[in-house]
Amino acid sequence: VEALVRWDHPTRGQLAPSDFIDVSEESGQIVAIGAWVVNAACQQARLWQQERRGSRELRVSVNTSAREVVEPTFVNGVEAALASSGLPARYLTLEITESMMLGDETDSVAALRELRRIGVHIVIDDFGTGYSALSYLNQLPVDGLKIDRSFIQGLGIEREKTAIVSATIAFAHGLGLAVTAEGIETEEQLQHLMALDCNLGQGFLFARPLDVVAMGAALASEYTLPGLPNGRQSRLDEGATRASGNGRHGTPRHVAVAR
């Protein structure tokens, strides 16, 4: 599952990240918001694990900004969130933007190396929208990457984007990295990605955003994955699914969208 943030504003209703993330970064409030999301996501993921004993253990992903990572307290904050929730580090994934990872951010990379050392997974988000320096991947402390949805939308239709997706998956696998395709909306896209041995996928083909109650119900139910050969079925928790938690009116809250 992947925790995303929304803001239930008292007068403007629910606000999307594009409405407040940029100004939160500029003001520095993103540090407190990010810390809250990490804590809430770890608590919820651990609760779901305990509710579903005997089945595959859930992993939670959290988007992390460059402003957060350079904070001296960042690593300790993540460790504290894991400790207070009881979530083992191997079940937490931090998603970092490609431009941040490829920039000359010594402190950021050092912090991510330390988190990876204790077992936290690090993934490059929206890959392909920044420098796209494939040759630089083996120098970064990462476990995987997510191909940006703009490339997936042209898969099987646009020759250039199809070639980029194919090459990226092959190169990443050669480095031992897991690949997630973002923004899957059609069964044709899913079939192309399966043929390319893409590890994980997310998108509206599988589900729309879900709150914590709906997500919990989905995890407990049988789910038929579209496009699988031979009528194979998969429990929703065996795919990569975005999840959510609750928040108070007038404060940000993290919500979910199934991958």
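The legends below walk through several close-up views of a predicted model.

Local features are described where pLDDT is at least 70 and side-chain atom pairs where pLDDT is 80 or more, while totals for chains, interfaces and linings use all residues. Residues are numbered from 1 along each chain as its sequence is written, and side-chain values use heavy atoms, with hydrogens and water left out.

**View 1. The whole chain, to get your bearings.** Of the 259 residues in the protein chain, 48% are buried. Here buried means under 20% relative accessible area, exposed means over 50%, and partly exposed lies in between (1.4 Å probe, protein chains only). Among contacts between residues at least 6 apart in sequence, 65% join residues at least 24 apart, where contact means heavy atoms within 4.5 Å.

**View 2. Helices α1 and α2 meet.** Two packed helices are described by the angle between their axes and the distance between the axes. For α1 and α2, the angle is about 115 degrees and the axes are 5 Å apart. Axes are lines fitted to C-alpha atoms, for helices over the stretch in contact, and angles run from 0 to 180 degrees between N-to-C directions. From α1 come I21, S24, E25 and S27, and from α2 come Q29, I30 and I33. This contact divides into three nonpolar, three polar and one charged residue. In that count, Ala, Val, Leu, Ile, Met, Phe, Trp, Tyr, Cys and Pro are nonpolar, Asp, Glu, Lys and Arg are charged, and the others, Gly among them, are polar. Look for S24 in helix α1 (residues 17-27): S24 is buried at 6% relative accessibility. Beyond residues up to four places away in sequence, S24 touches Q29, I30 and I33.

**View 3. Helix α2 alongside helix α4.** Helix α2 (residues 29-51) packs against helix α4 (residues 74-85) at an angle of about 30 degrees, with 9 Å between their axes. The two are therefore roughly parallel to each other, a label for angles under 35 degrees, whereas those over 145 are roughly antiparallel, those from 65 to 115 roughly perpendicular and the rest oblique. On the α2 side you will find V38, N39, C42, Q43 and R46, and on the α4 side A81, L82, S84 and S85. These residues divide into four nonpolar, four polar and one charged.

**View 4. Helix α4 alongside helix α6.** Here α4 packs with helix α6 (residues 106-117) at an angle of about 25 degrees, and the axes are 10 Å apart. That makes this pair roughly parallel as well. F74, V75 and V78 of α4 meet A111, E114 and L115 of α6. Five of these residues are nonpolar, none is polar and one is charged.

**View 5. Inside the nonpolar core.** In soluble globular proteins, nonpolar side chains tend to be buried together. The largest nonpolar core in this model has 61 residues, and those with the most contacts inside it are L92, L94 and L193. Such a core is a set of buried Ala, Val, Leu, Ile, Met, Phe, Trp, Tyr and Cys residues joined through side-chain atoms within 4.5 Å. Helix α2 gives the most to this core, with eight residues.

**View 6. Around L193 and I152.** Setting aside neighbours within four places in sequence, L193 is in contact with I152, L155, V165, I169, A181, I184 and C198. I152 sits in helix α7 (residues 149-152) and is buried, at 0% relative accessibility. The C-alpha atoms of I152 and Q189 are separated by 7.1 Å, although the two are 37 residues apart along the chain.

**View 7. Two residues with a positive phi.** Most residues other than glycine have a negative phi. D126, in strand β5 (residues 121-127), has a positive phi of about 55 degrees and is partly exposed, at 27% relative accessible area. D197 lies in the loop between α9 (187-195) and β8. Phi of D197 is near 65 degrees, and D197 is exposed at 54% relative accessibility.

Conventions. Helices (H or I, at least four residues) and strands (E, at least two) are DSSP runs, numbered from the N terminus.
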